[in-house]
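Please look through the sequence and the 3D view first, then read the points below.

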Amino acid sequence: MKNSISVESKSRLSEENELLYEELKADIMAVRFDHDYSSPLHFLSFLTDKELLKQLYLIKKQKDSPNLKKIFIVSIGGANLGAKAIMDAYGSNYAREFIFVDTVYPGETEDLRRHIEGTNKLDEFLLIIISKSGETLEILTNAKLLQSLLEEKFELIDSQMIVVSVEDTPLFSETKARDITCVSIPDTISDRYAVFSAVGLMPLLFTDFSIEEFVRGGLHSLDEFIHNGSVMKIAELLNKTFPDGVHGILDFFMFSKRLETFGKWNRQLFAESLGKETTIDGEALNRSITPTVSVGTTDLHSMLQLYLAQPQERATWFFSLTEEDSLKDKKSPEFLLSVIYKNIVNEFREHNIPFVESYMDTISGESLGFHMMNSFLTVISLARLWNVNPFDQPNVEEYKMESKMML
């Protein structure tokens with residue numbers, strides 16, 4: 001069961017979907033060892049980019065310090081959720097405090113001041129700014145705010161800053177000119193597909209999380225897709241559940257509190273990649289999937305009545321953490337959770353609610369890499385079936401442009 005998925009379907013892929021799978025497989029094989037990052041699908045190339053890892057480990061060597069205890073990560077959306085999902089899942093007992101500054105809100109300045117109060121030396125903190133465009137309003141606002149607050153106490157903090165951005169952005173150029181450590185990322189790759197790049201990996205450098213295992217898990221998932229196309233069956237199930245004219249719900253049901261942010265990462269990936277007005281051919285897309293996140297067992301006592309009573313146009317993707325050693329003790333919370341989980345799955349089966357199951361025997365770099373890549377492959381497979389572009393987000397760009405004009 002280790003790092004596996006299960007789909008309630010014993011049928012083979014349809015002939016049409018088999019052809020689409022073969023086309024996608026050929027496209028994947030064409031880019032996975034190609035590091036020119038000339039297309040959005042080249043996000044898969046991060047898995048084999050050894051030069052990227054060398055660059056990241058050099059930064060770790062330069063910036064890490066025994067005194068380092070606070071790391072501020074200024075980012076938002078896909079640039080934020082990937083690393084946060086991994087860190088929340090992997091564990092909360094880090095030797096260092098990671099502060100994700102990912103929104104603007106009243107009282108934020110005083111909250112950040114309280115975080116800074118505990119630092120007394122320059123090498124006790126890092127400020128990591130991650131912005132593909134270098135123009136995201138929330139990121140620039142928070143970066144300037146944090147920098148000003150830190151410089152009130154430490155004067156010049158350039159040596160403790162890291163910027164991750166596209167090379168020709170004003171943010172990259174200005175910080176590079178000040179000799180601040182900068183890492184360039186490809187302009188072609190959306191943040192939500194960048195968890196295996198410097199966007200997702202930079203904060204993880206300063207934990208005990210194994211990036212090599214994470215990449216290995218992603219490669220394992222990719223190899224499984226190439227050799228047996230198992231993830232394509234998930235896409236086919238979702239395609240049948242949400243046909244033309246249906247606007248339904250896909251609930252990511254996480255049977256571990258540690259996986260809640262991972263559910264939210266999936267929510268963003270599916271919403272931004274598949275929530276389109278038109279197909280690639282310009283035809284109206286009269287179907288949609290609204291992704292939601294539930295956590296077991298909490299939401300069994302708040303949402304399950306609705307899920308079972310009104311199962312129409314709904315699918316569920318269960319994520320179950322089943323650490324085998326913990327299941328040996330029948331008095332443990334883990335054993336109770338496993339029993340409840342099995343009964344819930346049976347209830348969904350009896351109510352004919354389509355579902356997928358993903359299993360993790362343990363939360364590790366390899367398991368998280370495997371399941372994140374499964375999600376990527378599912379989305380781009382379903383996008384092929386729907387004939388939509390999973391890599392753009394034209395409607396979001398409209399609000400960003402209007403906000404910039406007003407400011």
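A crossover between two strands is called right-handed if, with the strands pointing away from the viewer, the path from the first strand over the helix to the second runs clockwise. Strand E7 (residues 247-255), helix H10 (residues 260-274) and strand E8 (residues 288-295) make a β-α-β unit of this right-handed kind. The model is a predicted one.

- An open sheet is formed by 5 strands in the order E1-E10-E9-E7-E8, and its pairing is mixed.
- Strand E1 (4-7) and E8 are the edge strands, each pairing on one side only.
- From one strand to the next, the twist averages 15°.
- Helix H13 (residues 365-386) packs on the sheet and touches E1, E8, E9 and strand E10 (355-360).
- The direction of H13 makes about 155° with that of E10.

**Strand E7 and its partners**

- Strands of a sheet pair through backbone hydrogen bonds, either parallel or antiparallel.
- E7 pairs with E8 in the parallel sense over 8 bridges.
- Across this pairing, Phe 252 stands opposite Val 293 in E8.
- E7 also pairs in the parallel sense with strand E9 (residues 314-321), over 7 bridges.
- The bridge partner of Phe 255 in E9 is Ser 320.
- Is E7 enclosed by the rest of the structure, or open? Of its 9 residues, 7 are buried, so E7 is largely enclosed by the rest of the structure.

**Helix H8**

- Helix H8 (residues 211-228) has 18 residues, which at 1.5 Å a residue should span 26 Å; its end C-alpha atoms are 26 Å apart, in agreement with that value.
- The buried residues of H8 include Ile 211, Phe 214, Val 215, Gly 218, Leu 222 and Phe 225.
- An α-helix has 3.6 residues a turn, so residues three or four places apart point the same way.
- Helices that the buried residues of H8 pack against include helix H1 (15-31), helix H2 (50-63), helix H3 (78-90) and helix H9 (230-241).
- H13, the helix that packs on the sheet, is also among the helices that the buried residues of H8 pack against.
- Just after H8, Gly 229 takes a positive phi of about 60°.

**Val 7**

- Val 7 is placed in strand E1.
- Is Val 7 buried or exposed? Val 7 counts as buried because its relative accessibility is 17%, and the cut-off for buried is under 20%.
- Leaving aside residues up to four places away in sequence, Val 7 touches Lys 233, Ile 234 and Leu 237.
- Val 7 and Pro 354 are 347 residues apart along the chain, and their C-alpha atoms are separated by 8.9 Å.

**Backbone details in the loops**

- The peptide bond from Gly 296 to Thr 297 is cis, with omega near 10°.
- Thr 297 is in the loop between E8 and helix H11 (304-309).
- Glu 313 has a positive phi of about 50°, although it is not a glycine.
- Glu 313 lies in the loop between H11 and E9, and with a relative accessible area of 44% it is partly exposed.
- Asn 387, which is not a glycine either, has a positive phi of about 60°.
- Asn 387 lies in the loop between H13 and helix H14 (394-406), and with a relative accessible area of 28% it is partly exposed.

Key: Residues are numbered from 1 along each chain as its sequence is written. This is a predicted model: local features need pLDDT of at least 70, side-chain atom pairs count only at pLDDT 80 or more; totals for chains, interfaces and linings use all residues. Side-chain values use heavy atoms; hydrogens and water are left out. Buried means under 20% relative accessible area, exposed over 50%, partly exposed in between (1.4 Å probe, protein chains only). Helices (H or I, at least four residues) and strands (E, at least two) are DSSP runs, numbered from the N terminus. Two strands pair if DSSP finds at least two bridges between them. Axes are lines fitted to C-alpha atoms, for helices over the stretch in contact, and angles run from 0 to 180 degrees between N-to-C directions. Contact means heavy atoms within 4.5 Å. The expected span of a helix is 1.5 Å times one less than its number of residues.
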